[in-house]
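Please have the sequence and the model open while reading.

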Amino acid sequence: MTRSSERQRRRATLRRSLSLTFLSTLVPGLGLMWTKRRTVGVILLLIAVIAGIALSIFLLSGNVLTGAANVLTSTGLKLALVALAAALVLWLTSIVLTARTTHTDGWSHRGDILFKAFTALMCLAVTMPLARAVSTVTVTQDAFGTMFIKNGKGAASTKENAFKKKARVNLMLVGSDAGSDRTGIRTDSLMVASIDTHTGDTTLISIPRNWNYAPFPESNPLHKLYPNGFHCPERGAGDPCWMDAVWSEADTQHPELFPGEQYAGLNATRDVVQEIIGMPIDYSTVINLKGFQDLVDAMGGVDMTIPPGGIAIGGKIEGGAIVPGSITGRIPEGRQHLNGQQALWYSRSRVETGDGDRMRRQRCMVNALIDQTNPISLVNQFPSIMKVAKENILLDLPQSELPDLADLANTMKKGQTKSVNLAYPVISDSHPDYDKVRALIKKGMDRSTPAPKPKSSSSASSSTAPNSSSSSASTSSSSSDQAIDDTTATC
């Protein structure tokens, strides 16, 4: 054999070894099918195929969101760690075994170095994504250990679908304004999503933050202090006993009434909301508003339609007028892709429109986030989302019921969403008629009740103080005296 033909033979065997090692990187065991270790290759390949089919069935038997939720249960996360570790061992074994089986001693020094470097690169190519996946699972376990609280007030976990066994599920959504510059927690936004578990129809109920006489049930210790509702004029205008102060009243002002109770503020708020709406709250979620901003950023933003004139960023009211220079920016009108800061001010701004319009926009934001959730995008941003969630979100939903919640979320996308407007002038801030409130909510949940379209598409600005009943009328796209409307149509 000539020197030239020998070089060609060596190059051919090197190319074959590189190709087979690459095949075993693509699919464990595949490269071994053309070697003397074909039986081992078949076994590794079968394990990989069976594992892939099982994973596909697990993730896609219902839908992507439900499949992901199955992984996110406590058991699912533990199994994910085991599966990832096994996959890494299987893959590395396949690559290394293929490389050793196809390696030839007759290669040149340069060829030998090239093959070893290529094998190491293939091992690294497999290890890096699997290591990242392990890191994601670990971060998720850590975040969920903080987020999912054992409150004892939510619905009990069962082996059945926790949501479909009920005709309706009521979720309380709390936006807190907790921060380093504040004492205690105030519920800056408070909403209930009442969901028909069969049709997916959702009724969004916003509870105004400045309601007087919030009713404590007899079972709550604060009822003895406020038997006729939460009202304390003796404290003065600087410390109004409004709905948004119920949390801090239990948690900060009277913790002695709730000995050993870790979530007194949340539970007192839940008790009051149950009295107001006349229905039990099944689960609650609390999100810090700064966390909401970071969460929207982590999700890649949200698309919203901004009314004519735009929405003010910042702003402060003194003496019934906007303080000059306090508005620091503006969200422009029209269809906009909002970042976290803009989404936060879309949901909070009220210096020009009042609480009624702000609550409408909060319902629009919830509706948009549900409608625009992209499972693929969530997967890509998952570590960032988990970091934000750990620091800013509390859930009293059992972690084992996440798949049921995912099923419910998909059902909600098929249903219609209506809003019940409880802001002034529909309901008085100073003396809310709770019988009327419950009647309106019942009407809003009735599927036979059509949701009226908005009466006006104009949006005017107002510089009046938003906290007084006389000046909190909404200037939104829906009339402020319209009690029930189609959420999407008013957004």
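In this predicted model, strand E2 (187-196) and helix H10 (355-372) each contribute at least two residues to the lining of the largest cavity.

**Cavities**

- Searching the whole structure gives 4 cavities of 30 Å³ or more.
- The volume of the largest cavity is about 50 Å³.
- Residues lining the largest cavity include Thr187, Asp188, Ser189 and Leu190.
- Asp355, Arg358, Met359 and Gln362 are also among the lining residues, as are Ile207, Pro208 and Arg209.

**Helix H14: span and N-terminal end**

- The N-terminal end of H14 is capped by Asp433, which places a side-chain oxygen 3.2 Å from the backbone nitrogen of Asp435.

- Tyr434, Val437, Leu440, Ile441 and Gly444 of H14 are buried.
- Viewed down the axis of H14, these buried residues fall within an arc of 115 degrees, so they line one face of the helix.
- An α-helix has 3.6 residues a turn, so residues three or four places apart point the same way.
- Asp435 and Lys442 are exposed, on the other side of H14.
- The cover over the buried residues of H14 includes strand E3 (202-206), helix H7 (264-277), strand E12 (417-420) and strand E13 (484-486).

Key:
Residues are numbered from 1 along each chain as its sequence is written. This is a predicted model: local features need pLDDT of at least 70, side-chain atom pairs count only at pLDDT 80 or more; totals for chains, interfaces and linings use all residues. Side-chain values use heavy atoms; hydrogens and water are left out. Buried means under 20% relative accessible area, exposed over 50%, partly exposed in between (1.4 Å probe, protein chains only). Helices (H or I, at least four residues) and strands (E, at least two) are DSSP runs, numbered from the N terminus. The arc is that of the directions from the helix axis to the C-beta atoms. Contact means heavy atoms within 4.5 Å. A polar contact is a pair of N or O atoms within 3.5 Å; within protein, one must be able to donate a hydrogen and the other to accept it, and residues adjacent in sequence count only if both atoms are side-chain atoms. On a 1 Å grid over the protein atoms alone, a cavity is a set of points where a 1.4 Å probe fits but cannot get out, and a pocket is an open set with protein on both sides within 12 Å along at least five of seven lines; lining residues have an atom within 4 Å of a point. Grid points are joined across faces, edges and corners, and a volume is the space filled by probe spheres set on the points.
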